[in-house]
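Subject: Structure handover and findings

Hello,

Here is the structure for your work, with the sequence alongside. My notes on what turned up follow below it.

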Amino acid sequence: MKRILITSLLATMGSTLYAENHAEHTAAAGHSTMATDAVIAEQRAKLADSTKDKGYGPQSPRDIDTMKGDNTLDFNAAPPYTEMNLCNIHFHENAEHKGGEFTKYQGNGDGHGYLSGYEYSGTLSEAELTPVGHKVCPNKHDFLEPGDTIEIHYVHSTAKVNPGPTLASCLSEAVKNPQLRVEAQVYVLTNDGKGEDFMQLTAIGQKDGFNQALHIPSNTGTPVTYDGSTTGPGYNEIGSPLQVSWSVRPKVLKVDIKSVGKWCEGNVFKEDHAHGVRNLVTNPALLSDN
């Protein structure tokens with residue numbers, strides 16, 4: 001019983017430490033004005049209006065625990081990622097999708113995709129939340145710290161392409177309309193020296209004739225698969241025209257924040273910071289039922 005109480009106390013202390021650090025982090029990042037519910041509602045209304053009767057397919061991100069929708073535009077699912085070429089890896093601060101172990105809504109954020117999305121709904125220890133002492137993967141909007149949640153997108157294409165920067169790397173001169181698949185994994189950043197190595201999780205190489213991310217997690221639950229689109233806050237008010245087969249893993253994996261920082265310092269994708277998140281798509285007309 002004593003051990004249980006101590007563990008519970010440490011978890012509570014860890015959560016409090018994260019809340020305090022995050023408040024300082026928010027202020028330091030310059031986010032003094034957060035979007036109101038009315039702003040988000042207006043963005044959703046503009047998205048509905050700009051896509052109505054235009055023939056847009058199902059959109060992403062979505063709640064993966066509720067697979068219902070009214071969008072009937074159907075497209076063939078992309079092959080398994082092991083039969084496609086990895087073309088890009090990037091990540092978003094906070095999970096764009098909701099569900100599984102990432103259901104805690106951080107808030108509306110700044111209205112442009114930062115400080116919004118969904119966080120790991122579990123608790124972390126004080127050791128896991130030990131401050132790094134410097135800003136990790138900073139940009140003009142934000143930076144990462146222990147306790148933050150990120151969603152990684154391993155993007156794959158049926159085109160004969162090599163891994164590279166942006167989604168443009170998923171297209172080729174020979175194939176402008178390849179099938180696309182995104183394998184999504186949510187991570188929570190820790191700093192106790194026990195988290196997974198992000199450099200290993202993003203290692204790339206050839207396997208069975210395809211460019212592959214060699215260590216996409218296979219121990220984070222059965223992926224939820226569905227028909228959707230590309231994401232990002234640029235699509236908060238307009239529809240994404242690209243069709244994507246999604247596989248979203250429901251369980252969160254702890255990853256060492258220092259290894260994430262190292263990856264941001266240099267990678268073939270030229271990614272050096274976390275991207276913002278698109279508002280969760282909730283309009284049934286923009287969601288698939290599969």
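A polar contact, as used here, is a pair of N or O atoms within 3.5 Å; within protein, one of the two must be able to donate a hydrogen and the other to accept it. Please keep in mind that this is a predicted model.

Helix α4

The buried residues are Ile 257, Ser 259, Val 260, Gly 261, Trp 263 and Cys 264. Among the elements that cover them are strands β1 (85–93), β5 (180–190) and β10 (253–256), along with helix α3 (198–201).

Ser 50

Ser 50 belongs to helix α2, residues 37–51. Setting aside neighbours within four places in sequence, Ser 50 is in contact with Tyr 56, Glu 237, Ile 238 and Gly 239. With Glu 237, a polar atom of the Ser 50 side chain lies 2.8 Å from the backbone oxygen. With Ile 238, the C-alpha atoms are 5.9 Å apart, although 188 residues separate the two along the chain.

Pocket and cavity

The largest pocket holds about 290 Å³ of space. Its lining consists of 18 residues, and those nearest the centre are Asn 177, Pro 178, Leu 180, Leu 242 and Gln 243. Strand β9, residues 243–248, contributes the most to this lining, with three residues. By type, the pocket lining has twelve nonpolar residues, five polar and one charged.

There is one cavity of 30 Å³ or more, and the largest cavity has a volume of about 40 Å³. Residues that line this cavity include Ile 40, Gln 43, Asn 108, His 112, Ser 116, Asn 236, Val 277, Arg 278 and Asn 279. The cavity lining divides into eight polar residues, two nonpolar and one charged.

Regards

Methods
Residues numbered from 1 in each chain as written. Predicted model: local features only at pLDDT ≥ 70, side-chain atom pairs only at ≥ 80, totals over all residues. Heavy atoms only, no water. 1 Å grid on protein atoms, 1.4 Å probe; cavity = no way out; pocket = protein on both sides within 12 Å on 5 of 7 lines; lining within 4 Å. Points joined across faces, edges and corners; volume = space filled by probe spheres on them. Helix = DSSP H or I, 4+ residues; strand = E, 2+ residues; numbered from the N terminus. Nonpolar A, V, L, I, M, F, W, Y, C, P; charged D, E, K, R; others polar. Buried < 20%, exposed > 50% of the residue type's maximum accessible area, 1.4 Å probe, protein only. Contact = heavy atoms within 4.5 Å.
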